[in-house]
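Student: I would like to learn how to read a structure of this kind. Please take me through it step by step.

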4 protein chains.
Amino acid sequence: MIVVMKKEASTETVSMVAQKVDSLGLRSNVIVGEERTVVAAIGDERNGFQETLASLPGVEKVVPILAPYKVASREAKPEPTVLKALRLTLGGGHVGVIAGPCSVESEEQIMTAAREVKQAGATGLRGGAFKPRTSPYAFQGLKEEGLKLLAAAREETGLAVVTEVMTPSDVPLVAEYADVLQIGARNMQNYQLLQAVGETDRMILLKRGMSATMDEFLLAAEYILDAGNQQVALCERGVRTFESHTRFTLPLASVPYLHERTHLPVVIDPSHGTGKASLVPSMCAAAIAAGADGLIVEVHPQPSEAMSDGAQSLDPQTFRETMKLCQRVADAMQVELG
Amino acid sequence: MIVVMKKEASTETVSMVAQKVDSLGLRSNVIVGEERTVVAAIGDERNGFQETLASLPGVEKVVPILAPYKVASREAKPEPTVLKALRLTLGGGHVGVIAGPCSVESEEQIMTAAREVKQAGATGLRGGAFKPRTSPYAFQGLKEEGLKLLAAAREETGLAVVTEVMTPSDVPLVAEYADVLQIGARNMQNYQLLQAVGETDRMILLKRGMSATMDEFLLAAEYILDAGNQQVALCERGVRTFESHTRFTLPLASVPYLHERTHLPVVIDPSHGTGKASLVPSMCAAAIAAGADGLIVEVHPQPSEAMSDGAQSLDPQTFRETMKLCQRVADAMQVELG
Amino acid sequence: MIVVMKKEASTETVSMVAQKVDSLGLRSNVIVGEERTVVAAIGDERNGFQETLASLPGVEKVVPILAPYKVASREAKPEPTVLKALRLTLGGGHVGVIAGPCSVESEEQIMTAAREVKQAGATGLRGGAFKPRTSPYAFQGLKEEGLKLLAAAREETGLAVVTEVMTPSDVPLVAEYADVLQIGARNMQNYQLLQAVGETDRMILLKRGMSATMDEFLLAAEYILDAGNQQVALCERGVRTFESHTRFTLPLASVPYLHERTHLPVVIDPSHGTGKASLVPSMCAAAIAAGADGLIVEVHPQPSEAMSDGAQSLDPQTFRETMKLCQRVADAMQVELG
Amino acid sequence: MIVVMKKEASTETVSMVAQKVDSLGLRSNVIVGEERTVVAAIGDERNGFQETLASLPGVEKVVPILAPYKVASREAKPEPTVLKALRLTLGGGHVGVIAGPCSVESEEQIMTAAREVKQAGATGLRGGAFKPRTSPYAFQGLKEEGLKLLAAAREETGLAVVTEVMTPSDVPLVAEYADVLQIGARNMQNYQLLQAVGETDRMILLKRGMSATMDEFLLAAEYILDAGNQQVALCERGVRTFESHTRFTLPLASVPYLHERTHLPVVIDPSHGTGKASLVPSMCAAAIAAGADGLIVEVHPQPSEAMSDGAQSLDPQTFRETMKLCQRVADAMQVELG
């Protein structure tokens, strides 16, 4: 860390800060500049010392130098992590494709969706059984019945089942049926939930919070890794900004940025990232060109009959065409799709 | 709702949309404009119909007219709600003041803090026993031991204890010790948790998510109200924006805006809202002038020794001066402080 | 427009609003709902009537239905506009590539840059002669001398010269040397400047303001079109958000969104959009996959010697590799690059 | 500056960075940490060196230590600047109040407005003669005729005239009529305009750009100061965020923050800051409690007849009541209002 002193800080004040740095088990190095003095604090700064130092008299601000996460970092594990669940592979030259409806609504709906997305080339099936809904008056999902329908769809198609778990006490139940446990954007900092899924042996698809910084996103992954589960995929699903013509703003630069910082695979969700079905195909293609390790796409047999997220769901025909476009881009990028 | 059709939508397409509106139990009214046709859908639109209509062929967008929340709305209950817990009153001409450290760290720390803030005029004591921390490597709180220390501080001072609960399974334990259950910003959309605290008889202090819209904030309150608990206070604690000179951006216009929309009292958190102790006193005064029903302020006996949030905590002396300033502004606003 | 009345608005108040709508030359249609009454105002709403109606007693809000721009809209001109300047083509299946340094620094620098980018496949040369700089103490550009150097580079290479003009009085001078006049993000709403370039016969590259909405962006284009110049290309260069790991957040969904709304070609600037050279190649590829009509990329013979924007500039070798990657993606997308 | 090296940077690479630092006229100090090496660069860093260093091989990022502005800083001039124009005083214990319509529309309108706001206690009169409008189809102002009407209103009332100037070539004309030249938010980084007003002897009211950082805001002021004009007031008018229930988000913490950083007075614009007349009175009171040196408020004799910004304009009666509220808060804060 670099502790920047106020201009008027006296030599004694600087000295006290340096002593505090040393007392925290770090090593201090005082640098007297022309206008400001700074105190470099050398050592492992990931222990909350930043706030302690920031509250000392005479301190203007504290600038961290090291990334706050460890196990998730590329430095801890230079080679990329490749994750597999049944036919689904994320990373290592594979762009896994997870597709399916927002919510599981009925046996017919989920079986039709599963067959359609498999035929188009998907290797994972998404579908919500437990649904986090902004309004208490909206459809909240079929719950365990939905999980059973997902399992039946896997039985027939071989697709890996990806579904959300919303609260720690549901983790054992959802893990019984699902191949991949999804942590939704609203729960990215639900730490008990992160810990609970960290204690399972399932792959975790961790969605970025809608206003999470990259450090916060990677620290959320770190909670899962720290709890013992190394199978974590990061999912960029768009951030909240002043833009309102799309539901969220989808920053595809997250893909190369995360690849620089972490060994974990990066999945893009263009459905939530835009909120508009007409923008999804282009964003699927762009995500692959950006280097994504996976896609998760909402596909519904009849979007206008969907109980949730119909406006951002592709119909099966559009999804097939999107997959053809994606295949051409994947070939150009020399990666395997599906 | 207003369904805006695409320019090229044919009469048949418009007719199908109108039929769909009617089939949802709403009443359709087709308005043919010079450039566009719109279909007004009259009736209770709070059932997720918006997305259904948005996904129909020929539809450009759907504009909701009614607020999505009901019980929280001013229309449902015109007179303001006044909440009380021990000596703490929020609303109805009272600006309740909740103060104390970010985390409970030791018996001496919390007892000293409680005495200091009480003497300065606070009526509620804040202090975290279960701490949501961005990093798995940071201090996570004293847990039940912390709750016991808070209860002991209440015993001596009579201050209402305000403390966070992070997961549904902890609700009974925390409710046993606390007078007010705080839902943190990261958990504003943790729906199982909202439901669990909605089933208690404690006052709930619901913090706004860092990028939650006002509708989402009021819908989160609606979850608690809908579960049966009418004692909900809304806490504006700053939103995430491009600004980085403060930790968050504190929009005080939330106070009059929320007073227009809802009967629930509004509390301001200038500590998280700015992240800098030096900015807190002005923002306390400004919050009262803006019409806030309460303040929640971080005060630590020795901020530079705090285990969390030291940089935004006031020391007792500064808090006393802040309370004197606030008293003058409260007098000007003709409200009671404390 | 849809005028939403407050719940408590009386029949007389609604009637007065309807009369006001009619008096503005629009046609009113009162729709009485279960909870609210709305007044539809039919006709051309692009005359600032929205604010007038919003300020009437009893009005809660006014929702516009029509896009506020006309000439720029896809409805006004369904077929895409294709723009050409020398060898540079934007749109109509061509992805034009404009490359070069942030600032023109010297004859050797700009000539080397021009040769390098041409050889790699660019058809336009960027380079700033008049530089808008955040600090008054930073290098402000070579001004007319820079323009002359750009013209000399065009002379040798045949590349179209793209350079920024910052103030109306400089427009004639810059137009004398440049093939494409760039309006910078900070000047997107400098209306006198928009009008001045609208009166030239040069192609205009209009950069999106860093927090401009899409409607504001298209209205800025409308100022130029309205002044008589139909050669406007829109440039998405990233928006300002809470994200700080990149300089700006680059929303590639702008490409398909703008293609739905307007006939004008869309260019992507991944250099400003990310601020980091290491992220630029992926974003170039992704932009093409997203359907962009052009790229504008910062390339400097020696980035570490650049007088501005070195951190986001590619060196010639990296640019050549990026162009090879882009060529493969362009082939996949069945468009021509360069 | 602190140059943070990549983990894998070799000793030679670090050494080259240190040499580059020295060659720029700064002094290097290499600090070898446990995980990273950093190079402190000591000296005046305000010369664009940050980008140069950031583009060197082996460099991960560069962290500036010093504020980028000089003359505007509190360190350059510790005592607060007090600005006066006729009866209007900003700073030094005076909260100046500027009020009036968005646009000058007619003689009757501006004279009525001037008399009303003067009687209520304002000391400055606002009114736009040159109007920056998002749409080319909106009312653009009465131009010189408007300036003459403003001067006539000053003649009768003695109020200082505050009006916007939009382009460098209009500066002499506007300065002839106005006491205070306003730079609008959209022009905060129109550097030629900043320079032009910096060469006048008028007070300048510089509005913050809607997504400008505080450093950018103060650097814009620095352009004016650097051109020779020391009479600069900073105006916070709200920033663009994801919030849409208000037109902009008004961060009142800007007031104490700017007071820490700069000696220039700080004015708050609650009209643009909220966009809703009903929220303006509370925000006026809150601004004074936050320590603002001035207010600028939109007041129109008949808001529903306003040619622009009617929805955020107070009527004279509401303005009078607001001023009474403000007077009470000013008394509590021990400052003079008006």
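Tutor: We will go from the whole chain to one residue and then to a contact between chains.

Tutor: This is a predicted model, in which local features need pLDDT of at least 70 and side-chain atom pairs count only at pLDDT 80 or more, while totals for chains, interfaces and linings use all residues. Residues are numbered from 1 along each chain as its sequence is written, and chains are lettered from A and ligands numbered from 1 in the order in which they are written.

Student: How many helices and strands does chain A have?

Tutor: Helices (H or I, at least four residues) and strands (E, at least two) are DSSP runs, numbered from the N terminus. Chain A has 11 helices and 15 strands. Its C-alpha atoms fill a box of roughly 75 × 45 × 40 Å along the principal axes.

Student: Which domains does the assignment give for chain A?

Tutor: Domain bounds come from an automatic or database domain assignment. For chain A these are domain 1 (2-63) and domain 2 (83-337). The centres of the two domains of chain A, taken over C-alpha atoms, are 44 Å apart.

Student: Which strand is joined to β2(A) by a hairpin?

Tutor: Two strands pair if DSSP finds at least two bridges between them. Here six bridges join β2 (residues 27-32) of chain A to β3 (residues 37-42) of chain A, and the two run antiparallel. A hairpin of four residues leads from β2(A) to β3(A). Ile31(A) has Val38(A) in β3(A) as its bridge partner.

Student: Why does Leu205(A) count as buried?

Tutor: A residue is buried if 20 or more other C-beta atoms, placed from the backbone, lie within 10 Å of its own, exposed if 12 or fewer, and partly exposed in between. Leu205(A) counts as buried because it has 30 C-beta neighbours inside 10 Å. This residue is in strand β11 (residues 203-207) of chain A. Over chain A, buried residues make up 66% of the 338 residues.

Student: What is Leu205(A) in contact with, leaving aside its neighbours within four places in sequence?

Tutor: Two residues are in contact if their C-beta atoms, placed from the backbone, lie within 7 Å. With those neighbours left aside, the partners of Leu205(A) include Val162(A), Val180(A), Gln182(A) and Ala233(A). Gln182(A) is 23 residues from Leu205(A) along the chain, yet their C-alpha atoms are separated by 4.6 Å.

Student: How many residues of chain D are in contact with chain A?

Tutor: 22 residues of chain D are in contact with 22 residues of chain A. On the chain D side, β1 (2-5), β2 (27-32) and β3 (37-42) each supply at least two residues. The largest share, three residues, comes from β3(D).
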